[in-house]
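Okay everyone, thanks for coming. Let me put the structure up, and then I'll walk you through a few parts of it.

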Amino acid sequence: MSDDMVLKGPAESWVKQLDIPAADPTRSDQIKNGVSWLLSDDQIKHRAGGYVEYSRTAYKIVDRPGLDRGASIDLQFDPSRHKVTLNHLHIIRDGAVLDRLEGVGFDIFRRERDAEKGVFDGWLTAHVNIDDVRAGDIVDYGSTYEVTPLVGKDLFFKNFSTEWEEPVALIRTSIIWPSGQPLQIKTRGTRLKPSISPTGPDTTYLWEIPNPKPVNVEDNLPVTYPGWGSIDVASTANWQSVVDAVAPYYKPATVFPSAFAAKLDDIALRHPVPEDRMVEAMRLVQDQIRYVSLSMGAGSYVPRDPATVILSGFGDCKDKALLLVSSLVRLGIAAEVALADLDEGRALDQHLPALRDFDHAIVKARIGAKTYWLDATNYLQGGRAHNLAQPDYGFALPLSSTGGLEKMPSPVLTSPSIQIAEEFDFPRKPGDPLVLTVFSTYEDADADWMRGNFASRSLSEVSDAYLKYYNKHIRASKPSPSRKSWIAATAT
């Protein structure tokens, strides 16, 4: 790709240039991978239809491992909504400032991290390899992103950490925003407050965190527990603002390709009970539309037309959710798309509203007084309405209802969902094998998972896995050397 996708030039006049602070020498033993962080400075200013963000980073390379980590920089961007300019690139050596901006060349490539999962987001990386960097140098660079949101142009959201796992001399964030549009602020794991001051028609919000104590973040913390301090800043505290931004794109379709419409009509004919219609429509979308996510540009938030999804035979969570909602409405069932987050959904109520809070789309269906949550990206899902394994992502945001976030019900485990019975048939005479028969019973979500597991593996592969598992445990029991035990296993 051409490197003219990233520009070179000075920062805008409103940007405040800071002196690079010195590192705290008492924390030198906490430096990781040879890089001592000195400055992380983000400055944001409102602009019609979006905003401009200037980011500056400075760090010192203290030893040889730091050269591998710090002798190159990456600028990641979405070309559909970002205009990127590298403003400066300095090497500070023995007090002298060496300007490396003019000789910079960009290697621009597309890195699809989740392509094996069928997800393509279109983000690009501009890689800069810095010439002649030495241990002891300070690397100082700044870049500007002109951000033009494709959806929800009036929605602004910024999240930043108030402490790092590594020492840093100064974390600084400033936001200049119109005084007539006051920003909302929500802290998590910190009590830090900004200084707020008027600047003409604008208001400046400023956070400065000198030399924060590094935190040791534990693994596997619940998402509802903040492992480090962070701050949300947003243009709204009302989740309805997010709904208003995207709901127009999620209106149920009323026209389908004839073959698909015939399948829905057949479901209506064969299943007069609404709950059965819902399950059959869910399986139709789950099992006949494969998962591929083309989340590039506006496709990050806007679904494709259901007819296009049907004819192509694939879609992502947004596409499949809207198709399922459209199918359910045709079958006389009230339904709507809802936004969710697969990993952080249980902590959504701890954050300010933002489109970026979500990475998944599901379906909320209502039959009488009963609410059902359906995930159209699942497949081979069993059960009927009364025992359907419904997703639990914590909170979800329905797109046609009012009232904001809704708590999704968590399943209550009243009995084991996996039961395993082992039958041993011991040898009747020397040379006969020990026969072990394993009966495994899976229920609810575990049954759905196992169906997918069997669909992706051959029966011989499953059988071999059981044999290896039990043979390993029998050998680990260390039988008498005078007796050789062999195992033949069957699984049902």
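Predicted model: local features only at pLDDT ≥ 70, side-chain atom pairs only at ≥ 80, totals over all residues.

Which helix gives the largest share of the lining? That's H7, residues 444–456, with 7 residues.

Okay, on to the helices. Find H3, residues 258–270, then H4, residues 274–288, and then H6, residues 317–330. We'll take them in pairs.

Let's start with H3 and H4. Their axes come within 9 Å and cross at roughly 150°. Angles over 145 degrees count as roughly antiparallel, so that is what we call H3 and H4. The crossing is right-handed. On the H3 side of the contact you have Phe260, Lys263, Leu264, Ile267 and Ala268. Across from them, H4 brings in Arg277, Glu280, Ala281, Leu284, Val285 and Gln288. Sort the residues of that contact and you get 7 nonpolar, 1 polar and 3 charged.

Next pair: H3 and H6. Here the axes are 10 Å apart, and the angle is about 50°. How do these two helices lie relative to each other? They're oblique, because of that angle. H3 passes H6 in a right-handed crossing. Phe260, Ala261, Leu264 and Asp265 from H3 meet Leu323, Ser327 and Arg330 from H6. That contact splits into 4 nonpolar, 1 polar and 2 charged residues.

Last pair: H4 and H6. The axes come within 10 Å, crossing at roughly 145°, and the crossing is right-handed. From H4, the contact has Met278, Ala281, Met282, Val285 and Gln286. From H6, the partners are Lys320, Leu323, Leu324, Ser327 and Leu328. By type, that's 7 nonpolar, 2 polar and 1 charged.

Now try tracing single residues. Leu264 in H3 is part of the contact with H4, and Leu264 also takes part in the contact with H6. Over in H4, Ala281 and Val285 touch H3, and these two are in the contact with H6 as well. And in H6, Leu323 and Ser327 meet H3 and also meet H4.

How values were computed. Residues numbered from 1 in each chain as written. Heavy atoms only, no water. Axes fitted to C-alpha atoms, helices over the stretch in contact; angles between N-to-C directions. Helix = DSSP H or I, 4+ residues; strand = E, 2+ residues; numbered from the N terminus. Parallel < 35°, antiparallel > 145°, perpendicular 65-115°, else oblique. Left-handed = near helix turned anticlockwise from the far one by under 90°. Contact = heavy atoms within 4.5 Å. Nonpolar A, V, L, I, M, F, W, Y, C, P; charged D, E, K, R; others polar.
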